[in-house]
Amino acid sequence: MTSTNTEVGHEAGAKAPFPPFQTETFASQLLWLALTFGLFYYLMSKIALPRIASILEVRSDRIAQDLDEANRLKDESDAAMAAYEQELAEAKSRAHNIAQEARDKAKTELDGTRASVETDLANKIAEAETRIGAIKTKAMLEVDGIAEDTVSSIVGELFGGKVTKAEIAKAVSGVKG
Amino acid sequence: MANDPIHQFNISKLLQLDVGGYDISFTNSSLFMVATVGVSAAFLIMTTSGRGLIPTRLQSISEMLYEFVAGLLRDSAGSEGMKFFPFVFSLFTFILVANLFGMFPYFFTVTSHIIVTAALAFSVIGLVVIYGFYKNGLGFLKLFVPSGVPGVLVPVVVLIEVISFLSRPISLSVRLFANVLAGHITLKVFAGFVVSLSSLGLGGIIGAALPLAFAVALTGLEFLVAFLQAYVFAILTCMYINDAIHPSH
């Protein structure tokens with residue numbers, strides 16, 4: 001296996017040295033390796049690798065740019081959101097104020113109306129009461145007269161005699177008392 | 001001959017060439033070197049020609065290969081090591097594709113010859129030594145004197161470090177060579193068992209199932225080895241380059 005003799009004749013079969021140690025093939029292998037690997041290195045370093053590097057760079061630039069753009073848009077939308085929320089809060093407080101004012105105004109108006117209506121009613125009640133009082137007194141006074149008339153006519157029918165007005169009034173007020 | 005596990009490593013001349021007493025014939029090995037380089041370069045160049053912002057499937061394979069090797073080198077040797085990126089990339093791709101080509105039946109495996117792996121390993125070590133002295137001057141020799149070693153131990157440690165440094169190209173080349181060689185021989189031996197057993201009649205055919213299963217399993221293992229050895233070669237190269245850039249470890 002480790003024989004390194006330079007005997008040519010690997011076609012001869014079992015007698016040939018182990019192929020990787022056939023030194024007569026070394027020159028050819030080294031030369032062709034140098035040529036092919038050198039060419040490969042040249043193609044890689046001059047064409048393939050710079051090209052792939054530029055592709056990757058363009059892509060990462062593009063991604064970074066897109067991310068920046070996305071961040072910018074996000075900031076914008078955040079700002080818009082904040083402005084919207086602030087406006088909403090303002091509008092809410094304004095609406096609250098307006099509602100409060102309307103409520104206050106309605107309340108004062110209602111109170112005023114109610115007060116005037118109440119005084120009105122009180123006046124009317126008082127008026128009605130005085131009128132009722134007057135009517136009552138008047139009626140009471142008239143009751144005396146009616147009673148005297150009735151008594152005098154009843155007495156006249158019953159006894160046929162004349163009774164003086166003064167006597168009847170005296171009798172009526174005696175009954176009343 | 002068909003069952004000889006060594007036969008697959010024979011080098012046969014396809015075109016006889018002699019220059020100045022040297023036999024530089026175009027052989028089956030040369031053919032597969034050309035094929036390896038041709039296929040890899042064509043793939044990498046053609047798949048990236050579209051320069052797509054959104055890569056096609058094939059373009060993303062090239063990009064993955066690029067980013068894989070770039071990550072390897074950057075992790076080991078830092079951004080300073082990236083000047084050797086084309087070299088490491090070429091090494092990794094060349095070894096990987098050569099190994100994978102070797103997995104095809106009847107194909108020659110370029111990396112199964114020690115002279116090829118040794119040439120690659122010595123080019124790595126040569127690069128490390130030359131760049132190490134070019135960049136650090138004699139400071140490169142600090143590589144052999146780890147900091148924080150007590151004075152008495154320095155000669156011993158330096159001796160060990162020198163030996164370990166000298167054995168690097170050998171271990172680098174033999175590791176790749178031996179793995180590929182042993183894998184191919186084992187595969188061939190098991191496949192040979194299948195053939196010889198099946199010729200023994202029915203019992204032999206049944207008995208051949210076991211080596212056949214082994215051959216199938218080994219094929220999978222060899223694909224792993226093909227990748228792994230290219231990876232190991234590349235990562236060791238990255239670490240040696242790191243030594244050249246930062247010798248005082």
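Begin by selecting the contact between the two chains, which takes 38 residues from chain B and 33 residues from chain A, two residues being in contact if their C-beta atoms, placed from the backbone, lie within 7 Å. On the side of chain B that touches chain A, at least two residues each come from β3 (22-23), α1 (28-47), α2 (57-77), α3 (85-102) and α4 (114-136) of chain B, where helices (H or I, at least four residues) and strands (E, at least two) are DSSP runs numbered from the N terminus. Of these elements, α1(B) gives the most to that side, with nine residues. Coloured by class, the side of chain B that touches chain A shows 24 nonpolar, 11 polar and three charged residues; here Ala, Val, Leu, Ile, Met, Phe, Trp, Tyr, Cys and Pro count as nonpolar, Asp, Glu, Lys and Arg as charged, and the others, Gly among them, as polar.

This is a predicted model, in which local features need pLDDT of at least 70 and side-chain atom pairs count only at pLDDT 80 or more, while totals for chains, interfaces and linings use all residues. Residues are numbered from 1 along each chain as its sequence is written, and chains are lettered from A and ligands numbered from 1 in the order in which they are written.

Of its 177 residues, 11% count as buried, a residue being buried if 20 or more other C-beta atoms lie within 10 Å of its own, exposed if 12 or fewer, and partly exposed in between. Among contacts in chain A with a separation of 6 or more, 10% are between residues 24 or more positions apart. Within helix α1 of chain A, pick S28(A), which is buried because 22 other C-beta atoms lie within 10 Å. Apart from its neighbours within four places in sequence, S28(A) is in contact with D23(B), I24(B), S25(B), T27(B) and S30(B).

Now turn to chain B, whose secondary structure comes to seven helices and four strands, in the order β-β-β-β-α-α-α-α-α-α-α along the sequence. Its C-alpha trace spans about 70 × 55 × 45 Å along its principal axes, and 35% of its 249 residues count as buried. Among contacts in chain B between residues at least 6 apart in sequence, 65% join residues at least 24 apart.

Show α1(B) and α3(B) together: their axes come within 9 Å and cross at roughly 115°, axes being lines fitted to C-alpha atoms, for helices over the stretch in contact, with angles that run from 0 to 180 degrees between N-to-C directions. The residues that make this contact are F32(B), A35(B), T36(B), V39(B) and S40(B) of α1(B), and T93(B), F94(B), V97(B), A98(B) and F101(B) of α3(B). They divide into seven nonpolar, three polar and no charged.

Continue to α4(B), where the buried residues include I114(B), L120(B), V124(B) and V128(B). The cover over the buried residues of α4(B) includes α1 (26-159) of chain A together with α3, α5 (154-198) and α7 (209-245) of chain B. Just after α4(B), stop at G137(B), which takes a positive phi of about 60°.
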